[in-house]
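Me: I would like to go through this protein with you and ask what lies behind each description. Please set every value against its definition.

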Amino acid sequence: MQIGIRLHDVAPGTIEERIKIASEQGFSCVHLALTKTIKDHSVDNSALTPGFASYLRSKFAEYHMDIAVLGCYLNLAHPDPEEIKKIQERYFAHLRFASILGCSVVGTETGNPNAEYRFEPASHTEEALQTFITNLRPVVECAEKFGVIMAIEPVWSHIVYNSKQALKVLKAINSPNLRIILDPVNLLSVENSSEYDKVIKEAIEDLGEYTDVLHMKDFVIEGDKVVSGAPGTGVMKYDTILNFAKKDKPYIQMTIEDSTPDNAEWSRKFLENYSCS
């Protein structure tokens, strides 16, 4: 396993400072979300030049770190066609940038059929799924041209809400450049959380062969919500997902999520030392 961190979860600072801190905390890779990490200059599409990509690539190499995922988490089911064009252009820019950056995966979640990017009953309809597939298709075609992987992340409160829906997307688009970021906690709702291990096993059965990156976090139930936190801070047992990683995905990159600067290193060690029964 290669354990990383979302770079925007590291203590605030310049991107150079954050890279240094992540390295010092023992992480080998990062999930990089440009707009959440870089505040001192533009990261608009026109700013994602080959020069900028080469600079970042050399800076990460200086600390022997990889970029596991370049995050571009936008709503590909937005109801406004003009907004969809802008969103697709943003993905195109990230895919081009990733190809020079030395990052193999651009990641996305799967949106909701409204401008606010919020869950509604229509999110889980076939109509919403087909809209997402239609709008994702040219993005995947762009990924093919740049030799980059486009990876979708199923989330219960989004259109692709379980592993079966994700499998439909993979089969509909049928591209070797469309893969999966598997985040077990994101597949949970209050209703299915008591059977979380069953949910994880089903996801591995359906999506294991397509999974290229893991997102790792923990959870607790607070009222009517699943509240996530860093690995080791909740109720989750990791036997199923870590056995899968160790046996079927040698050296897979996994990034911890929802950590804080105070518990990130502890959380990394928790995963490294976790003993599967």
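Me: Which residues does Arg-179 touch, not counting residues up to four places away in sequence?

Reply: In this predicted model, where local features need pLDDT of at least 70, side-chain atom pairs count only at pLDDT 80 or more, and totals for chains, interfaces and linings use all residues, Arg-179 touches Ile-149, Met-150, Ala-151, Ile-152, Leu-170, Glu-209, Tyr-210, Thr-211 and Asp-212, a contact being heavy atoms within 4.5 Å. Residues are numbered from 1 along each chain as its sequence is written, and side-chain values use heavy atoms, with hydrogens and water left out.

Me: What makes the pairing of the side chains of Arg-179 and Asp-212 a polar contact?

Reply: The pair is given at 3.0 Å, and a polar contact is a pair of N or O atoms within 3.5 Å, of which, within protein, one must be able to donate a hydrogen and the other to accept it, while residues adjacent in sequence count only if both atoms are side-chain atoms; the pair therefore qualifies.

Me: In which strand does Arg-179 lie, and how many helices and strands does the protein have?

Reply: Arg-179 lies in strand 6, residues 178-182, and the protein has nine helices and ten strands, which are DSSP runs (helices H or I, at least four residues; strands E, at least two) numbered from the N terminus.

Me: Why is the protein called as compact as a globular protein of its length?

Reply: Because its radius of gyration, taken over C-alpha atoms, is 18 Å, close to the 19 Å that the globule rule (2.2 Å times the number of residues to the power 0.38) gives for 277 residues.
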